[in-house]
Amino acid sequence: MLERLNRAMDHIESHLDGPIEVTELARITLTSEYHLRRLFSALAGMPLSEYVRRRRLTVAGAEVLAGERSLLDVATRYGYGSGEAFARAFRALHGVGPGEARRTGAALRSQPRMSFRLVVEGSSTMRYRIADREEFRVVGKKARVPLVHEDMNPAIAEFIRGIGPETLRRIAALSDQEPAGIVGVSDQLDPSRAEGTELDYYHGVVTGAEAPEDMDVLPVPAGTWAVFESTGPFPQALQYLWRDVFTQWFPSNPYRSRPGPEILRVHVAEDGATAEAELWIPVERSPS
């Protein structure tokens, strides 16, 4: 997988001044567009679309400073329909407009070309199993929240605080299958997985029971899931679990992620120092 990802990076570099289709990158990596976006975001720490944008503006910046082409020629070469759109994007990355950069020889920012390699750390143990599940429901309370890649999501924390203990007890009583107890469920994530894009967050349980009228319901179709278990310091173990799944497990196993909700169950020790986590990711077999 890492070798194929690096071939996709080569393709991006050779097409910075032309169309770059995610369908073609997925073909090169022998995976789905959905899984490619998810895997790249986990490995690179940014969405694929953002990386392409930064690389284009990095190369465009060098051409702006070289002065061999007009600013409009540079803009159209790297996919911008107008000089104004190019100037806005250029300033957002470099902190200075292209005209000023050319006049003053300003210092510009650079997005390095990425390549991927395997790093064996061995600092943590990841337990997993594959589970085939019939259709089930997530029942609880739902909120639309922004995506936060690191640290606690304040919108989710505020949402959970507002549910109330009695409602939480009613929700917990509906749990009748694994993962048992109250879980956090993320659904309808933006394909770019960019920081600040919105998703549906459910604080509820996995159940086959009918939902009370005042509860939100997420029907989940039958499918295959990879279930990961992790134990470690809190909250660090949780912060790195999802990352490790995509940076360590997927590149080494014949599965890819598929569209569907992510389910996380967490049990924090009484002293708050450690936690046990169980993460359910919807998967399918990769093409051979």
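The legends below accompany an overview and several close-up views of a predicted model.

**Figure 1. Overview of the predicted chain.** The chain has 288 residues, of which 42% count as buried, and its secondary structure comes to ten helices and nine strands. Along the principal axes, the C-alpha trace spans about 70 × 45 × 35 Å. Among contacts with a separation of 6 or more, 73% are between residues 24 or more positions apart. The accessible surface comes to about 15000 Å², and carbon and sulfur atoms account for 50% of that surface.

**Figure 2. The nonpolar cores.** The largest nonpolar core of the chain has 49 residues, and those with the most contacts inside it are Met 9, Ile 12, Phe 40, Leu 48, Phe 86 and Phe 250. Helix α4, which covers residues 48–66, gives the most to this core, with six residues. Apart from it lies another core, of 13 residues, which includes Phe 136, Val 185, Tyr 202 and Val 206. As a general background to such views, nonpolar side chains in soluble globular proteins tend to be buried together.

Figure 3. The side chain of His 35 makes a polar contact with the side chain of Ser 257, at 2.8 Å. Beyond its neighbours within four places in sequence, His 35 is in contact with Phe 246, Phe 250, Tyr 255, Arg 256 and Ser 257. Phe 250, in turn, touches His 35, Leu 39, Val 245, Tyr 255, Arg 256, Ser 257, Ile 281 and Val 283, when residues up to four places away in sequence are not counted.

**Figure 4. Tyr 78 in the loop between α5 and α6.** Tyr 78 has its place in the loop between α5 (71–77) and α6 (83–94), and at 5% relative accessibility this tyrosine counts as buried. Leaving aside neighbours within four places in sequence, Tyr 78 is in contact with Leu 16, Asp 17, Arg 56, Val 59, Ala 60 and Glu 63. Leu 36 is 42 residues away from Tyr 78 along the chain, and the C-alpha atoms of these two residues are separated by 23 Å.

**Figure 5. Ala 275 in strand β9.** Ala 275 lies in strand β9, which covers residues 274–285, and is buried, with a relative accessible area of 2%. Ala 275 and Phe 234 are 41 residues apart in sequence, while their C-alpha atoms are 5.4 Å apart in space. Phe 234 is also one of the contacts of Ala 275 beyond four places in sequence, and the others are Ser 230, Thr 231, Gly 232, Val 266, His 267 and Val 268.

**Figure 6. Leu 168 in helix α9.** Leu 168 lies in helix α9, which covers residues 165–172, and with a relative accessible area of 22% this leucine is partly exposed, because the value falls between the limits of 20% and 50%. When neighbours within four places in sequence are left aside, Leu 168 is in contact with Ile 163, Ile 182 and His 203. Gly 140 is 28 residues from Leu 168 in sequence, and the C-alpha to C-alpha distance between them is 8.4 Å.

Figure 7. Most residues other than glycine have a negative phi, and most peptide bonds are trans. The peptide bond from Glu 178 to Pro 179 is cis, with omega near -5 degrees, and Pro 179 is found in the loop between α9 and β3 (183–187). Leu 30, in the loop between α2 (22–29) and α3, has a positive phi, near 55 degrees, and counts as partly exposed at 47% relative accessibility. Gln 188 likewise has a positive phi, of about 60 degrees, although it is not a glycine. Gln 188 has its place in the loop between β3 and β4 (198–207), and this glutamine counts as exposed because its relative accessibility of 51% is over the limit of 50%.

Terms used: Residues are numbered from 1 along each chain as its sequence is written. This is a predicted model: local features need pLDDT of at least 70, side-chain atom pairs count only at pLDDT 80 or more; totals for chains, interfaces and linings use all residues. Side-chain values use heavy atoms; hydrogens and water are left out. Helices (H or I, at least four residues) and strands (E, at least two) are DSSP runs, numbered from the N terminus. Buried means under 20% relative accessible area, exposed over 50%, partly exposed in between (1.4 Å probe, protein chains only). Contact means heavy atoms within 4.5 Å. Accessible areas come from the Shrake-Rupley method with a 1.4 Å probe; for residues, only the protein chains shown count as cover. A polar contact is a pair of N or O atoms within 3.5 Å; within protein, one must be able to donate a hydrogen and the other to accept it, and residues adjacent in sequence count only if both atoms are side-chain atoms. A nonpolar core is a set of buried Ala, Val, Leu, Ile, Met, Phe, Trp, Tyr and Cys residues joined through side-chain atoms within 4.5 Å.
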